[in-house]
Amino acid sequence: MQLGDVIGTVVATMKTEGLEGVRFLIVQPLDRSGQPAGDPVVAADALFTAGVGERVYFVASREAAVAMPNQFVPVDHAIVGIVDQVEIQ
Amino acid sequence: MKLGRISGTVVSTINHPSLDGWQLRVVDLLDVSGASTGGYLIAVDSIGASTGQTVLVLDEGSSARQVMADVDAPVRAVVVGIVDEVTIDGTSLEV
């Protein structure tokens with residue numbers, strides 16, 4: 001899993017089968033000190049509560065689909081938690 | 001598996017139900033000389049590792065689900081061992 005900031009939303013009416021009702025958010029991946037690292041990705045919101053401005057962690061690849069209520073959805077990034085705090089010692 | 005060093009903890013109240021009760025660690029990835037590569041993973045801690053310890057971290061989903069005994073866990077990265085010693089070409093690394 002990686003840290004990310006939710007920076008936007010995506011609305012798509014025409015979607016492949018299985019993606020109905022899935023919320024898509026644009027997530028900027030972060031390094032562990034909270035600085036942007038790499039290109040933003042479109043991630044499915046497995047929590048159904050994440051929103052713009054929140055710091056989250058997300059999972060990529062096959063495990064992204066496992067996070068969704070229907071586990072056979074074609075998604076490659078999914079938000080699985082909202083960060084309260086990152087403690088780096 | 002990869003070598004990593006625990007550098008911190010992620011605190012999260014709202015999370016996927018499969019992550020309830022699991023500690024999340026920030027794991028800095030290490031190269032074979034023991035230096036940080038600059039990369040990191042947020043990993044489920046299955047063994048109670050402490051900050052600063054060198055660990056073995058998995059980055060593969062079906063193994064993670066096996067360790068967590070949860071077929072619905074949306075997790076790839078799991079801390080699965082605390083490293084005592086690494087030797088490469090007869091030379092021990094500081095761990």
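1. Two strands count as paired if DSSP finds at least two bridges between them. Strands themselves are DSSP runs of E with at least two residues, numbered from the N terminus. Strand S6 of chain A (residues 85–88) pairs with S1(B) in the antiparallel sense, over four bridges. Within this part of the model, A:Val86 stands opposite B:Val10 of S1(B).

2. The model is predicted: local features need pLDDT of at least 70 and side-chain atom pairs count only at pLDDT 80 or more, while totals for chains, interfaces and linings use all residues. Residues are numbered from 1 along each chain as its sequence is written, and chains are lettered from A in the order in which they are written.

3. On confidence, the complex has an ipTM of 0.86 and a pTM of 0.90 from the predictor. The average pLDDT (the predictor's confidence in each residue, from 0 to 100) of chain B is 94, and 100% of its residues score at least 70.

4. The contact (C-beta atoms, placed from the backbone, within 7 Å) involves 26 residues of chain A and 22 residues of chain B. On the chain B side, strands S1 (2–11) and S3 (36–45) are the elements that give two or more residues. S1(B) supplies the largest share, five residues.

5. In chain A, five strands close into a barrel with mixed pairing, in the order S1-S2-S3-S5-S4. Strand S1 (residues 2–10) and strand S2 (residues 24–29) of chain A pair in the antiparallel sense over six bridges. A:Gly4 has A:Pro29 in S2(A) as its bridge partner.

Definitions and conventions. Two residues are in contact if their C-beta atoms, placed from the backbone, lie within 7 Å.
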